[in-house]
Amino acid sequence: MSREYVMGNGAIALGALVAGVNVVAGYPGTPSSEIIETISKYPHEGVHLEWSVNEKAAMEVAAAAAYSGARVLVTMKQVGLNVAADPLMSLAYVGVKGGMVIVSADDPGPISSQTEQDTRAFAEFCRIPVFDPASPEEAYQMIGDAFEYSEKYKTPVLFRPTTRVCHAYASIDVADHYEAKKYEGFVKDSSRWVIFPRLSLTNHKMIEARNPEIGKDFSGYRYNSSNHATSQKAVFASGVSYAYVYEFLKDYPEVKLVKIGTPYPFPEDFVRKELEGVREVLCVEELSPYVENQLYRLFGLHHLDVKIFGKRSGHVPGAGENSADSVARILTEYLGLENKKSAMDLSDAPTIPVRPPVLCAGCPHRASFYAVKQAMKGQKAYFCGDIGCYTLGNAMPLDMVDTCLCMGAGITMAQGFHWVDKEAKTFAFVGDSTFFASGMTGVVNALYNGADMTLCVLDNSTTAMTGHQPHPGTGRNMMGNIVDKIDIVKVLEGMGVARIHVVDPLKLEEAVAAVRECAKTPGVKAIIFKSPCVAITKPAGKACINDSCINCKKCINEIGCPALIIENDKVAIDPALCTGCGLCSRICPVGAIESTKSSGNSSKGGR
Amino acid sequence: MKKDVLLCGVGGQGTVLASKLIAAAAMAEGNTVHSAETIGMAQRGGSVTSHIRIGEEIGSPLIPFGQADIMIAFEPAEAVRNLGYLKPDGIVIVNTVPVRPTTESLHPTGYDGVEMVEYLKKKATCITVNANELCAPLGSSKFFNVAVLGVLAASGRLDIDGETVKKEIMKRVPERFVESNLKAFEIGGTYACN
């Protein structure tokens, strides 16, 4: 045993390795990305590890391995599960042979996501079990359990940590030796592995009979637990909310606290036993009122006279994340406790400046957006954004993202705008990783249907927002192999995009000229704005402002780079932030900003 | 030992390394440690926090309001933003050099951190540190994240031996930066004594 201090995502990774996982596939997405990264850093002989091109691909790669008896782990964030929903829904009917655990990390808040969807509800929709860890320590143990249950019931299972479990750190005792599972290999059997309506019906009947059995099995599961207090008022909690409740109730051990570690199939027998003598229940959970709804159903079925408090009653907020503090307030009210006022009164605090996230100083995306903005000045145009760092192009003063919906949507939405407003020019901004994940089919759609649009690929040769993962365009994969880079230009040429420009966005004049040319040309055009991510590249140099500055602030008002600051009422450069990208010097009307080059411009090679 | 330490600042200031070093040093001395970080979009110049919880029998990964023994604030407004986490008798170690949000350049409000530091002093026991002055001998204020650990160690508020922290710096910082980070730690310790 060795003691490791790891993030919740690291605990999930190590738990899977100890469980003998054979194949791990996923797509980066906060808060799930560090699972695959952790596996790559620990010994994983005999394990196939990949960043798949998207979540659907990851699910399908893993499914075939699970059909062959291998243990597989699939990782994604909650919205990734929407992309992988097609294979998963069918897979739930077909089932698996080797254990298949799908980690779908939920993000209450949301902190870095488009939605507050709930994977527990998704599991019920798929009719497959779901595990809900309350801490990194629990996640480490639960992953192994999830593989066991998956194999016992021959079904894929979901595993849903939330951001505060994924990104919390704890000490985990990790076995020194573990090895990948030995598996039988694929045994052909078309009556089992080929989904047809007949098989679906047969298996659907089997699943509906099986799930209550799993619920019974879960009634004895170690992470559906209780403190065995005998109060009339009970508290039910799941996920990290349990940790908040647990800490608060340490001073009130007489209050019954029940943890639900497997929300679906609901462990009814366990819950009914815990409800003996209970008159009121408070459900503390995040996202949907999932456990709460299960209790309503249970009480209805068995005509139990127990009052439920939670999201429906307004005691727990219906949206956003819980915190130790919000849970303390909820419990204080529910239990009728005296208000323990330990925090200080800050009502007299001065106004605190807001601090929205921004594109980094020197980020080439800023230059790309600015080039398009300059070229389209005075013309009617729609700018469709996408998912990645470049969503931050919406901030003032750039204001260059009119829409953002989901991965790859910018490309297809630009076409929709064209069909309803042919006067306007439409642009789609997409990152290189997102282009491979779900952008390519959108380009084919544009070509096939004869749309008019300009595709702007913001190619910084990495997946920046989620922590610089490699992708098909980078020439590296997670097995440590150097592979042929998939060339975005060749992909577009192959599809039949006739007009393709490749420009360095930091060469502003060339970039603006390329945009102007594309805007004039009918059909589907593409501009590849190619410049590496500044977070993993050595700065090119530093900018400095000379005496000819007239303090017009055009640089600040046009591009809003964080390195451009006001000091003693004069425009200045923050040398700690400036990367010497030179964009501001091209905007200055009097040539007052000079860039000094630093020696060499080599990549740092990761963080 | 049971201690809750909150680090706060702006994405890019190096709070994550500082938090890892505190956690590692506390663990090296036999404590059970939990922590939680801000990761993701907020790292791009937004507000960030790290919660470090030292001691057995802790449930929540986040420190409840009014329970932090120590707050290490890398930026004065961030200190005020998170002050609710501090115990009434807790201590704040705060960098007085403000990080102005980009919006401040576009729509100046005159934010310079001074009002924040005054407020902090009124509300809590403070050790104020000017990161630029402290780190001047190191050539970059980027070393503040380790220098402030020297200030923390010398303050005597966290029962962890300075030598343990140094060992963790040697273990966890890339080799070519070890020397300058050890120097940063020393400088922080001296500063606190003056």
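These legends go with close-up views of a helix crossing and a pocket in a predicted model. Local features here need pLDDT of at least 70 and side-chain atom pairs pLDDT 80 or more, while totals for chains, interfaces and linings take in all residues. Residues count from 1 along each chain as written, chains are lettered from A in written order, and side-chain values use heavy atoms, with hydrogens and water left out.

**View 1. Helices H1(B) and H7(B) cross at roughly 120°.**
H1 (residues 15–28) and H7 (residues 162–172) of chain B bring their axes, lines fitted to C-alpha atoms over the stretch in contact, within 9 Å. Helices are DSSP runs (H or I, at least four residues). The angle, taken between N-to-C directions on a 0 to 180 degrees scale, makes H1(B) oblique to H7(B) (not under 35, over 145 or 65 to 115 degrees).

**View 2. Who touches whom between H1(B) and H7(B).**
H1(B) puts in B:Leu21, B:Ala24, B:Ala25 and B:Ala28, and H7(B) answers with B:Thr164, B:Val165, B:Glu168, B:Ile169 and B:Arg172 (contact: heavy atoms within 4.5 Å). That set splits into 6 nonpolar, 1 polar and 2 charged residues (Ala, Val, Leu, Ile, Met, Phe, Trp, Tyr, Cys and Pro are nonpolar; Asp, Glu, Lys and Arg charged; the others, Gly among them, polar).

**View 3. The second largest pocket holds about 880 Å³ of space.**
A pocket is an open set of points on a 1 Å grid where a 1.4 Å probe fits, with protein on both sides within 12 Å along at least five of seven lines; lining residues have an atom within 4 Å of a point. The volume is the space filled by probe spheres on points joined across faces, edges and corners. Of 44 lining residues, A:Gln114, A:Ile387, A:Gly388, A:Met407 and A:Thr434 sit closest to the centre. H17(A) gives the most, with 8 residues.

Key. Helices (H or I, at least four residues) and strands (E, at least two) are DSSP runs, numbered from the N terminus.
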